[in-house]
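Please walk me through the side-chain contacts of this protein. I would like to see which parts of the chain they link.

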Amino acid sequence: MKLPVFVVDAFTAKAFHGNPAAVCLLENKLDEDMHQKIAREMNLSETAFIRKLHPTDNFTQSSCFGLRWFTPASEVPLCGHATLASAAVLFDKIKNVNSTLTFVTLSGELKARRAEDGIILDLPLYPAHPQDFHEVEDLIKTAIGDTRVQDMCYSPDTRKLLVRLSDTYKSRSFLENLKVNTQDLPQVESTGKVKGLILTLKGEPGGQTPAFDFYSRYFAPWVGVAEDPVTGSAHAVLSSYWSQQLGKKDMRAFQCSRRGGELEMSLRPDGRVDIRGATAVVLEGTLTA
């Protein structure tokens, strides 16, 4: 078996920043267990598998493909950065001739279209509802100790818990330097209700640094990812929350992990969100097994 494989840094124009994803092109059907074995071997937060939907399809001319995402531990229903990476491989390396690509996924059809300064993903917009603190108090205390919390919401569609830190923490450096205990979270929350923890902070006015509407970090030890560098699916929840809080439809965000990444979001009238990001392909080769 020989598979073309790429590693793409997503939500950044610079190599070794943003969120790396592996992308595999499947000319033929792959044994089911091989998806997970390859994802474990690649050992990145996500490995994406692009497959042809019909025997006559080809990666250069066709515009619709199947797409699946695997962490080193399990398959996931949605991954924004690996979708961005998949579109970048098809557009930039395979030279796909179409301006818009459609991916058939566990989260329905997702579209990616070329833009002048990157790629725009069309993702579902996931609402988050108020969450009673006492129901998740142990999880929060385990993760961030006595850090002050301003608001808390839960997205049932994605099983993500959104925790907004107090506005009294006025700088992005606080969130960047916050020590988060992820190791014990799967034991503290083992009901299956929560599969991802979003920590977010209101943005700062522009000055010496670019202005961002909000900052975030994302943790998913339940699926084998202690901290994800830049997370498109989390911003499908964050976009909904911060749009209501700020009264804005167009926003800029920075995910302040160690690698860091920038995202631009535009909420659409049809209840979806466009998320724009840049990419950098850092590796291409052949996977043999």
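What follows covers charged pairs, a hairpin, aromatic pairs and charges over rings. The model is predicted.

Start with the charges. Side chains of opposite charge can pair when their charged atoms come close. The structure holds 20 salt bridges.

Take R68 and E32. Their side chains form a salt bridge, with N and O 2.5 Å apart. R68 belongs to strand β4, residues 64–70, and E32 to helix α1, residues 32–42. The pair therefore ties together parts that are 36 residues apart in sequence. R68 has a relative accessible area of 18%. Buried means under 20%, so R68 counts as buried.

Next come K93 and E284. The closest N and O atoms of this salt bridge are 2.9 Å apart. K93 lies in helix α2, residues 80–93, while E284 lies in strand β18, residues 279–288. The two are 191 residues apart in sequence, so the bridge ties a helix to a strand across that separation. K93 is partly exposed, at 34% relative accessible area.

D213 and K248 also meet in a salt bridge, at 2.6 Å from N to O. Here both partners sit in loops. D213 is in the loop between β12 (196–202) and β13 (214–220). K248 is in the loop between α6 (232–246) and β15 (250–255). The pair links distant parts of the chain, 35 residues apart. What is the burial state of D213? D213 is buried, with a relative accessible area of 15%. K248, in contrast, is partly exposed at 31%.

Salt bridges also form a network. Its members are R113, D122, R268, D270, R272 and D274.

Now look at strand β13. How does β13 run relative to β14, parallel or antiparallel? The two strands run antiparallel, and 2 bridges join them. Strand β14 covers residues 225–228. A220 has V225 in β14 as its bridge partner. Together β13 and β14 make a hairpin, with 4 residues between them. G224 sits in the turn and has a positive phi of about 90 degrees.

Turn to the rings. The count comes to 7 aromatic pairs. One of them is F59 with F65. This pair is stacked, at 5.6 Å centre to centre and 25 degrees between the planes. F59 is buried at 7% relative accessibility. F65 is buried too, with a relative accessible area of 0%.

F214 and W242 give another stacked pair. Their centres are 5.8 Å apart, and 10 degrees separate the planes. F214 lies in strand β13 and W242 in helix α6, so the pair ties together parts that are 28 residues apart in sequence. F214 is buried at 0% relative accessibility. W242 is likewise buried, with a relative accessible area of 0%.

Ring pairs can also join up. F212, Y215 and F254 are linked by ring pairs into a cluster.

F59 returns here: the charged end of K52 sits over its ring, 5.2 Å from the centre. Which ring lies under the charged end of K193? That ring belongs to Y154, and the charged end of K193 is 4.8 Å from its centre.

The loop between α6 and β15 holds K248, and the loop between β12 and β13 holds its partner D213.

Notes
Residues are numbered from 1 along each chain as its sequence is written. This is a predicted model: local features need pLDDT of at least 70, side-chain atom pairs count only at pLDDT 80 or more; totals for chains, interfaces and linings use all residues. Side-chain values use heavy atoms; hydrogens and water are left out. A salt bridge is a side-chain nitrogen of Lys or Arg within 4 Å of a carboxyl oxygen of Asp or Glu. Buried means under 20% relative accessible area, exposed over 50%, partly exposed in between (1.4 Å probe, protein chains only). Two strands pair if DSSP finds at least two bridges between them. Rings of Phe, Tyr and Trp (its six-membered ring) pair if their centres lie within 6.5 Å; planes under 30 degrees apart count as stacked, over 60 as edge-to-face and the rest as tilted. A charge sits over a ring if NZ of Lys or CZ of Arg is within 6 Å of the ring centre and within 35 degrees of the ring normal.
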